[in-house]
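Please read them with the structure open.

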Amino acid sequence: MASQTLTSSMQPTDVYGGDEVSAIILDPGYSSVRAGFAGEDTPKSIVNSHYGVADSGKFMFGDDAIHNPLAGLEIRNPMSKEGIVEDWETATQLWEYAITSRLTSFKQSDPRTNGLNDDVKDMDMEMEGIEEGEKALEEHPLLMTETAWNSTKNREKSIEIAMESWGCPAFWLARNSVLAAFGTGKATAIVVDVGASTTSVISIHDGLILKKSVQKSPLAGNWLSSQIRTLFAGMDPKVELTPHFMIESKTPVDAGAPAQATYRKYENKTTDSFRDLEEERVLTEFKESVVQVWNGPGRLYSQNPAGTTNVDYVRAQPGRVFEFPDGSNQMWSAERMMVAEGMWDERAPPYQAQGEHTVTKAQTIPEMVRASINAVDIDLRAALLSNVVVTGGSSLVNGFTDRLHNELTAMFPGARVKIQAAGLTNERRFGSWIGGSILGSLGTFHQMWISKKEYEEFGANVVEKRCK
């Protein structure tokens, strides 16, 4: 059927956006859920993906609730270790909280009809009707991100929630690696995304994922945390990991001296899952301020021209001091580089807990890049290597991008390797959200949305046909 031209009196029914309507960008991950309006430079709402379940069975969302040391508060996560939703019911509530707590609140009505002057008896009846009829996102199109390995069933479930539960007028599902590339202004790139639970390397050409190039591994932020835990446990004397909520007061002590702190007493014991979450906050501080990647030349355990290993060279350099919440502190020398070396070199001595898998060569970042590059057409390889986009919060470990550049230059000696890594912390942590914000605010994107009408006509499977 020939498309008829629209006159000014005929408005298109399936084009969304423009100045009046702001699309909402929702970027859920294993460690946090990012939500905000399209066209803004950072998400307004950043909510921890972990949630609390109280003794009464009540769910609690947000940092204020989950970091409160209540007795019997169990901490859970609706996402699997691979960043795919496992518990849809809770994930829906968590995402709705992320959107409604900071972004949308129901509009103030006209004072002549807002019911303040009406009879109270009539008002109760009306309020019930309004609350049932109103949905969270009736006025906002929703652009949601997903992983490259998301299942068809999960993709269909997300459009169902958006359209049925939240009443969105329009919806779009985009791959987070593609959005991270868009965020740096690239349509063709190889995206190295180091998150909390998964590290992935994916080649993208003209805004489309090259399916065979998708590589993923568990060597990410949480793996690094478990390495640090094992390092602490193996130290002599053992380093006690005491979270902030246990400390009432502390006295400064010399490096290496035992802590002198007063501990809080709780009548009812907190759960193990709560303790793990609080310890993770200390480990995150340690990763941000102490841990570093050996940036080369060569690997950390390889020989250097002086005939010694690079570990000996690092030991001769000044270390870094870290103070724990209980006031104890010590200098960290080569250990701070050893914990991260397994991401690059499978032969590095592992700091793994009992029951954890040993690192294989295929899981290391350089090998994932090699596998991803080798899986694509030979004509594309040069273009991909000159656009290596680095994103994800765990890529902010000190020295990460330098090491990646050195590894790739050694691996592909003839190619021009160029790393695109945002210098600002927020841009690296929210790379895919920022890409979604750019995409959702483009005038040319407004005809791409899946409208409610289309969803009603074709069902949930429309997302498979449209969102490639």
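**Notes on the predicted model**

1. With β9, the pairing is antiparallel and comprises 6 bridges, in which Val-191 has Ile-202 of β10 as its bridge partner, and the two strands make a hairpin with 4 residues between them. With strand β11 (residues 208-209), β10 pairs in the antiparallel sense over 2 bridges, and His-205 stands opposite Leu-208 in β11. The hairpin of β10 and β11 has 2 residues between the strands, and Asp-206 there takes a positive phi near 50°.

2. How many residues of β10 (residues 199-205) are buried? The count is 6 of the 7, so the strand is largely enclosed by the rest of the structure. For the protein as a whole, 50% of the 468 residues count as buried.

3. Ile-190, which lies in strand β9, counts as buried because its relative accessibility is 1%. Leaving aside neighbours within four places in sequence, the contacts of Ile-190 include Val-201, Ile-202 and Ser-203, and also Val-369, Ile-373, Leu-384 and Val-388. Ile-190 and Arg-381 are 191 residues apart in sequence, while their C-alpha atoms are 9.4 Å apart in space. Across the protein, among contacts between residues at least 6 apart in sequence, 68% join residues at least 24 apart.

4. Helix α12 (residues 400-411) has 12 residues and reaches 16 Å from its first C-alpha to its last, close to the 16 Å expected at 1.5 Å a residue. Its buried residues are Phe-400, Arg-403, Leu-404, Glu-407, Leu-408 and Met-411. These cover an arc of only 125° around the axis, which puts them on the same side of α12. The elements they pack against are β9 (189-194), α9 (335-341), α10 (365-374), β17 (388-391) and β18 (419-421).

5. Glu-341 and Arg-403 meet in a salt bridge at 2.9 Å, N to O, and the pair links distant parts of the chain, with Glu-341 in helix α9 and Arg-403 in helix α12, 62 residues apart. Glu-341 counts as buried because its relative accessibility is 0%, and Arg-403 is likewise buried, with a relative accessible area of 1%. Arg-403 also forms a salt bridge with Glu-407, whose closest N and O atoms are 2.9 Å apart; these two residues lie 4 residues apart in helix α12, so they are separated by about one helical turn. A network of salt bridges links Arg-299, Glu-341, Asp-345, Arg-347, Arg-403 and Glu-407.

6. Lys-250 pairs with Glu-323, with the closest N and O atoms 3.1 Å apart. Lys-250 lies in strand β13 (residues 247-251) and Glu-323 in strand β15 (residues 320-323), so this pair ties together parts that are 73 residues apart in sequence. Are these two residues buried or partly exposed? Lys-250 counts as partly exposed at 42% relative accessibility, and Glu-323 counts as partly exposed at 43%. The count for the model comes to 19 salt bridges.

7. Elsewhere, 6 strands form an open sheet of mixed pairing, in the order β3-β2-β1-β7-β8-β19. At the edges stand β3 (45-48) and β19 (450-451), each with a single partner strand, so one side of each is left without a neighbour in the sheet. Within this sheet, strand β1 (residues 24-28) and strand β2 (residues 32-37) run antiparallel and are joined by 5 bridges, with Pro-28 opposite Val-33 in β2.

8. Helices lie across this sheet as well. Helix α5 (residues 176-183) lies across β7 (142-146) and β8 (170-175), running at about 85° to β8, whereas helix α14 (residues 431-440) lies across β1, β2 and β7 and runs at about 155° to β1. In total, the protein has 16 helices and 19 strands.

Definitions and conventions: Residues are numbered from 1 along each chain as its sequence is written. This is a predicted model: local features need pLDDT of at least 70, side-chain atom pairs count only at pLDDT 80 or more; totals for chains, interfaces and linings use all residues. Side-chain values use heavy atoms; hydrogens and water are left out. Two strands pair if DSSP finds at least two bridges between them. Contact means heavy atoms within 4.5 Å. Axes are lines fitted to C-alpha atoms, for helices over the stretch in contact, and angles run from 0 to 180 degrees between N-to-C directions. The expected span of a helix is 1.5 Å times one less than its number of residues. Buried means under 20% relative accessible area, exposed over 50%, partly exposed in between (1.4 Å probe, protein chains only). The arc is that of the directions from the helix axis to the C-beta atoms. A salt bridge is a side-chain nitrogen of Lys or Arg within 4 Å of a carboxyl oxygen of Asp or Glu.
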